[in-house]
Amino acid sequence: MSTRVFGKPIRRNEDERLLTGLGSYVDDISAPTAVHVAFLRSPEAHARIVKLDVSRAREHPGVVAVYTHTDLGEHDIELPLMIPHPCMPYPKTQRLLAHDEVHYVGQTIAMVVAESRYVAEDALELIELDYDPLPAVVDIEAALEDGASTTHTDSPGNVGAHLEQKVGDPDAAFREADVVFSERYSIERSAGMAMETRGVLADYDARRQELTVWDTTQAPLTIKGSLGSLFGIPYNKVRVKQPDIGGGFGTKVMFYPDEVLVPWAAIQLERPVKYIEDRIEHFIGSTHERKQIHDIEVAATADGVVLGLRDRFIHDTGAYIPYGIAIAQVAATQLPGPYRVPNFSVEFTAVYTNTVPVTPYRGCGRPQACMVIERVMDRLATEVGVDRVEIRRRNYIQPEEFPYHRGDILFADGLPVTIDSGQYDKQLDLLLETIDWEDFPAEKEQARAEGRYLGIGIANYVEGTGLGPYEGAHVQIEPTTGKVWVATGLTSIGQGLETALAQVAAEELGVEAHDVLVVTGDTQAMPWGVATFASRAAVVSGNAVAVAALEVRNKALGYAANMLEAATDDLELADGKIFVRGAPERHVTLKQVAIASNPLRYAFDDDARAATQFAPARRADGPQLPPGEEPGLEATGYYSPPHATWASGAHAAVVEVDIATGELTYVRYAAVHDCGTVINPMIVEGQVMGGVAQGIGGSFYERMAYDDTGQRRNASFMDFLVPYATEVPAMRLEHLETPSPLNPKGIKGAGEAGCIPVPALTASAIDDALSDLDVTIRDMPLDPCSLKAIIDAAPTR
Amino acid sequence: MKPAPFEYHAPETLDEALRLKSELGPEASVLAGGQSLVPMLNMRLASPEALIDLRKLDELRYINVADDAVAVGAMTTHRALERSDAAYSACPLIREALGLVAHAVVRNRGTIGGSVAHADPAAELPSVLVALGGKVKVRSLRGEREIAAADLFTFHFTTSLEPDELLTEISFPALEQGAGSAFLEISRRHGDYALAGAACVVSNGNTRLAFTGVGPIPVFVEGDDPDAAAAATSPSDDIHATADYRRQLVRVLTSRAVGLARERAQVSG
Amino acid sequence: MSSRNVTVTVNGSTFEREVEPRLLLSDFLRHDVGLTGTHVGCEHGVCGCCTVRVDGEAVRSCLMFAVQADGAEILTVEGLAPAEGGMHPLQEAFKECHGLQCGFCTPGFVMAASAYLDEQQRADLTDEEVREAISGNLCRCTGYQNIVEAVKLAAKTMYGAS
């Protein structure tokens, strides 16, 4: 094939509009007649509302409506439990608008609709809210103690979920072990913090009973189905669109109260209603993740081969548990990392607290699990007296062991964990070369002589990606432009999906990637699919596009064979043309085939006229469209993966610690990433580098700080410290391609990977930098103050 | 995050501005560059009844460099002063500190007068002014007076200006021949308010230090003893650092800033 | 709270509007003028998504009221490309270097960087200089490295010896 676009660093189709200010984010959609929403949100973490009087707000000039839960009628509901599981004794989800009890600072209590957001905020100040504070649950360990106050007064305790899982015989492993130790590790709460906040614009056409919703969601089809069923509107009359999304990171997968209330208000008012969350609201109203405390016991041989692990951890789920146990379960399944670990048990308790609800944020439990297992490996290396590289090599799953069955532990897709492929030793070799591992001791010594403390850290991870159940794609050769039209049920959240999927289609159809128009985030373009999350878009949607594109290719060749009066086997497809092999002058363009494939040939342009000069696309004696055939050159394809495919990676960094101030600088960073067959290496590198920056944020800058009463202490970009360019180091990236045997294209997911190993390797690098002191980092993120305290507390060796 | 309504005044002259200030008193906030005020308005942490916008007062935009001082009109932007080579020659401490004030885009709008009058103890310029022993001019309908930097800052976000007074000029003493200066700070991210910062001037064997972020006002210390400097401060705990840690930073910054200023003094002297 | 008349030149065209004094310049540009390329990410002056150029200088449009821009010349991302078509070298460089993903922060970066390049007028920018120059803008997608590369490439295109 002359056009090879798959695997190439093709520049992105979406860039030009985004660079020239012509993107269409939800707040960019022109709606001159729209009214605007502001929410009264709970100022208390846990309280009983004793008075809520909105009458003055309703009278304020410019206010269109003010709603409390009593106004919602049959729609005064709790949001759905997205992923149920029997291990949740009393699963709690949020009401659209609070009743008499609020459970976190930021919970929606009342909704103001006004002629402008300015006026809506004015009206918020006129709402009278009185409440009796109740004890707030914030500390996840204290929450589990006997007699602890409860997050929800109508629940007997704070246990949101409890699950024990076991693989092999861990107790026997501990009996046989030469080396046994235990450790406690923790990671703090953070959040995705996309640069675009969430937003919803809804427009209801009462005459036609059609609801159109522009929503920053990563899951438009979920919203479509939910709104249709809630409001009794036919599925095909609810259209959810999101032309461009300013970053997702998981936060935008969740189903939020405003996503129901704004369309509901648009139906009530018969006017477009817009809600654009502001940044403060995003900090207190959109979901968080990461807080976990792990207590792990390790059993190993004297050679450093891990025989067994016993991990018990507490997971903070916030005030509600809408996403079930997804995060904790992902952490549990990824705890053994790329290592054999034949015996292990994991027991977790998800704990309710009076804080913002917790749902997956890029990484989804993996940064925590990676931190635990990689810290364990570092400790084990010290215990048995080998270096950090060797200890890992002794425990890696080897290439000949794949597919590697973890045993009786289920992944987020509900299927037993089976790691399909990987080359962990080779991956590590490449990493060590990239970070100049061999030369580092000399570099460290030199720096130390100058009074500087350099350290190097490594960490590796595996990531189950590409979860089912399925995705679909509709591929069509457009009869008017000849371009390839690809529609998927997914949204692009900025990761370059429009280009990556274009490359997949272009490869099958012999065209350039920029001649493929990919539409994402429009439920009318492709009404079937799941959503963009869990590093699944390229894997599942990519293969679905390939299936559909291949069918279009075969159809095109069949039609062209008739048109050119040649045998299909004698035809080639390249550069948008189908020609007879050896006689390229005998050709038709894909556009001409598309025109000819429709018995009604529009004859308005040269191609249409040309198409009529060929023999018909179909050779039928009877009707021109025989039974079983369809007009148009198009196909719909689906792909459903057998189970998750496992990507992997290894990262390393050199850091410098200022022992006088506790400041940390990332000196350089290297990453080797294996996401199977790469569709576009430029896009994958971008994904990894962005993830690393988030990981750096989660290692030394970002944490969601709460005080003892459940008040947020840093709900702004002034105090929640997303790193700037000045905090993120230069990175060197290398690709390793171990194609997944599970799908035709060999693709594994890449979206979340970058952030996973950063806290683990940062901890490792700090330990190394402070090797003169007896320091072990066990809690992430750090900051200069906490690192300085650790340095000061260390007994100098 | 939209500001509450306010009356808006944009006086054409300083006299008109003074009249408004006199009439409206504490009900009105003065809008200079707005880089500190507007975020507070957007978050509705401040809801003044009126704003007096000084943007039309070109008479307050100047940088006069004399032998003994750099006199800066209050509406001069950080960037204008940062770019002034003459100001840099006379008093290098200014540019060094300004480079640490937020980010370039903020400095394009932020004004010297606004920063000083805002009296944020975590800001860089007040410490620079105190370390240098500078002074400001303030005006009201009642007349003009000078306030020494040492008397200007009275508490968090509070100065000794009367409600009817406007800050019109900031005067930074020029660095003497053979003297050296340094501004160092430790912040969480580049451009953030410092966890602690130090402005240092070494001249004729005297060492003058003023610290940011470790008390309700810039903390002035004479001498180069890190422990004495730390003892003079009164930092508090916040989400970014403890008071003890900030005292430790004061010790480190004292050594480093004094060392650097002395090094520079030797080079120039 | 009386309205004020504001006249501004945006990307070479003059707009006259009656506005409330409290209307932020970012909202004015987006919703009154209809130029939605300027984005709003935080409204407290940290993220830089709303960066535009006012009388040449890069500023945060969320920290200015529209009334303060009366009489000013404003350049937004929509006005950066040459009138004869195509993209500005910075925009080209961002595409070439994959300096954007979701694109939400991108107009702010491009406008801040354009002011920086116009001021520097040189091709030999170091990584450190560029990182400092764009350090008032947050990006959550790229990890910044490709943005740094893009700004350096644009400097070479605009000011390099050819």
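The model is predicted, with local features needing pLDDT of at least 70 and side-chain atom pairs counting only at pLDDT 80 or more, while totals for chains, interfaces and linings use all residues. Residues are numbered from 1 along each chain as its sequence is written, chains are lettered from A and ligands numbered from 1 in the order in which they are written, and side-chain values use heavy atoms, leaving out hydrogens and water.

**Exercise 1. Check the span of helix α18 of chain A, then find which of its residues are buried.**

Step 1. Helices (H or I, at least four residues) and strands (E, at least two) are DSSP runs, numbered from the N terminus. Helix α18 of chain A covers residues 758–769, which makes 12 residues.

Step 2. The expected span is 1.5 Å times one less than the number of residues. For α18 of chain A that gives 16 Å, and the end C-alpha atoms are 16 Å apart, so the two agree.

Step 3. Buried means under 20% relative accessible area, exposed over 50%, and partly exposed in between (1.4 Å probe, protein chains only). In α18(A), 12 of 12 residues are buried, including A:Val758, A:Leu761, A:Ile766 and A:Asp767.

**Exercise 2. Describe how chain A meets chain C.**

Step 1. Start with contact (heavy atoms within 4.5 Å): 52 residues of chain A touch 48 residues of chain C.

Step 2. Turn to buried area, the accessible area (1.4 Å probe) that two parts lose on being put together, summed over both. Here it is about 4200 Å², with 58% from carbon and sulfur atoms. On the chain A side, A:Leu19, A:Tyr118 and A:Met195 lose the most, together 20% of what that side buries.

Step 3. Look for salt bridges (a side-chain nitrogen of Lys or Arg within 4 Å of a carboxyl oxygen of Asp or Glu). The rule finds five across this interface, and A:Asp122 pairs with C:Arg22 in a salt bridge at 2.7 Å, N to O.

Step 4. Ask which elements of chain A take part: α1 (15–19), α3 (117–124) and α17 (681–701) each give two or more residues to the side touching chain C. Of these, α17(A) gives the most, with eight residues.
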